[in-house]
Structures are given as structure tokens and as C-alpha cells.
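Dear colleague,

Please find the structure below, handed over for your records. My findings follow directly after it.

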Amino acid sequence: MWRKLLLSLLILLCVEGVQAEPSIQAFFSDLDGYRFSLQSEIDSPSDDTRLKPFSAPILVEAEFQGFSSWEVRRNDGGRLRLDVFQMTDPLGAYELFTLWPELTPESDLVRMDVPTGAFFSPSEAIFWRGYYFCHVRPRAGSRLTEEIVTGIISDFVEVIKTENLLPVSVSHLPEEQLVPGSTRFYLGAEALSLNEHFPEPLLKEIGFQDRIEIAFAQYEPGNHSLFLVGYPTHALAEDYLIRLQNRLQGFFSAEGVYLKRAGVVIGIFIGPEERARDILLKVEYTAKIKWLYEKKRDPSAENITFLGLITQAILGIGVFLILLLGAGLVTGLVRYEALQRFPQLTRRKEMVRLGLERSDLGE
């Protein structure tokens, strides 16, 4: 019975943790100089025009949680439109961020030098921070300035403390000769199908059911394509490498397709063998740890920790003795009061005498 109760409690805590994830509105009160007015919101993926250019299947793959559109009034009188896509995982927000330029080829976005991923043009700007992908537009008849967008992004970074950590596959893309702005990130087959460079026979064998991730970039000269597929474990990566190799048997391509496994990452390069050797040689898997807080180092930390343990032990013993003495005092007072009210409790029972005489014993 207690196991069922414990399981129910854990489920309730997990559900509460998911529901407690704050929406973007929770941060607005900390943003000075802006007033936000909600215009519309959507809580499930659909083909609603407000969610364009993303299709419902892509939003499902990205674990879409909600959409909200806001009118933003700045203290200087300027007005903006802010559209926010909220995901259940930062990877989904990053995927939408990388797909936007591909799905809106008419835009003239250029990358911004700010403390988070961002693109800017006079007609729109996009950025991602933690669970949120944001699209900023100017009021009709006006234009954005880089100064305004930089200020908005800086303010959001200040209040949303979630770190923008790049996915494992993206962080292992070789940086040398990478074509600027060519990086893409995919979490599902629907999004990956947008990429015309990915070998079609591998779509069904790549392993999306095992919650993989795929990074893509192009490299100069020749804009040759590199896909890095990240798997949860080394064993899965090794297993899928064999599957992909078997799947490519008999596949004809105008360019060569070359594979390499490095840890939990499989590299798929499409291009001439010479360039494949050069690029895939740079694909090396290293597990990275990033401290999310500043870890202070103190040479005497070990001594302090040891003394702290002794101090805590002494304090614990002292508290235990005090509690023990208190319990004894309370017990004594209760007993004294009981004896005062019921004196018969103190009477001793009379001795039982059998009344046997020696004559009774047969003498």
C-alpha cells in the first residue's frame, strides 16, 4: 500500500514540476521600461497562420508548449510586436531558431553579436533564450534598429537566467571553414525532410525513435554538407553506425557519402573523399561540463569542511541531550500530577500469605 502512495506522490510532484514551468509573462514584471499587452495565445500545435512558418508536425517534434503574441510599448513611445514560442525543452527553442531563416528565405537577417543566439534586420529580429524562441517586429510603417533590438535582448537575458547551452551535436561541429549562417538543428524527421542534402535512404534508419538530435552545417570550399547525429549512448551510436552503413549499400550519389563515429556522435559527410577526410578528421567527441554558477575555490576549504562536520556533530549531540532532558522533565511532571490526583496509585499491594502451619504439613 505504501508503495502505491509513494508512487502517486512522485507522479504528482512530477506533474506539478511540469506545470510550474513559468510562461514568458512571469518575467515581464522584471523588465523595466516596457509595458506588455497580450493580443492572442495558442496552447497546442496547429496549422494556425499565427504559428507560421512552422507546421504543426514540426512544432510537435520540437515539443511545443504554447504561443503568445504581445504588443510592447516602450517608455520612449515606441511600439513593437513580440511573438513568443514556448517549448518544454530548450533544444526545441533552438531548433525553431535555426529553422526560421530556412523557412523564410525572403528575409535579410544577419547574425547579431549579443550574449544569446540572435538575427536582425530592419523588418524583424529573432532570438532564443532557454525555453523561448522570440520573434520581434516593428509597428506598421516603422523599422527596427539594432540598438533597440540589442536593448531588448540584453534585458531578456538579464531576467531569464536559463543558460543557452548548445546541443551536443552542434557544439561538435568543426568551426574551421564553416559557412556562416549555415548551421541547422533537427529533432525529428519532419524537420529534417526540409534539408535536401540529407541522403533519403537514411531517413528511416537514423533512429528518431531513440530521441536523437542532428546538427547540420556546410563547409568551404564547395559548400559541402556535414551532418552530426547525436545519440544518447555509445552503444546506440555503434549500433546505428552499422545500420547506416548497411543502408547505404547500393545507394548511388553524385557525391560520396562518408561516415565516422566519434563517441556518441556519428558524422555523415557528403562530398569528395579528400574533403571528407579533412572534415571528419576534426570531428572528435569530448564530454563537456559547464558550471552554471561561479565555483569559489578556497585552499582551506577541506579544513573548514572537516571542522564544520565536527561542529555540526557537537551541536547535534547538544540538541539531542536538551531534547532528552526536556522529555524527562515533562514525563516527571506528568507522573507527579497523576500521583497527586490519584493517590491510590501509590498504595502497595498487601502481601499474600498462604496460612500454612507445620501441622498441616503432616508433622
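In the hairpin of β11 and β12, two residues lie between the strands, and Gly 263 there adopts a positive phi near 65 degrees. Strands here are DSSP runs of E with at least two residues, and helices are runs of H or I with at least four, numbered from the N terminus. β11 (residues 257–262) pairs with β12 (residues 265–270) in the antiparallel sense over six bridges; pairing requires that DSSP finds at least two bridges between two strands. Val 257 has Ile 270 as its bridge partner in β12.

The model is predicted: local features need pLDDT of at least 70 and side-chain atom pairs pLDDT 80 or more, whereas totals for chains, interfaces and linings use all residues. Residues are numbered from 1 along each chain as its sequence is written, and side-chain values use heavy atoms, with hydrogens and water left out.

Helix α7 (residues 234–247) contains Ala 237, Tyr 240, Leu 241 and Leu 244 as buried residues (under 20% relative accessible area, with exposed over 50% and partly exposed in between; 1.4 Å probe, protein chains only). These buried residues line one face of α7, because they fall within an arc of 115 degrees seen down its axis, the arc being that of the directions from the helix axis to the C-beta atoms. Their cover includes β11 and β12. The face of α7 turned away from the buried side carries the exposed residues Ala 235 and Asn 246.

Elsewhere, seven strands form an open antiparallel sheet in the order β1-β2-β3-β7-β6-β5-β4. β1 (34–42) and β4 (110–111) stand at its edges, each with a single partner strand, so one side of each lacks a neighbour in the sheet.

Yours sincerely

Note on methods:
Contact = heavy atoms within 4.5 Å.
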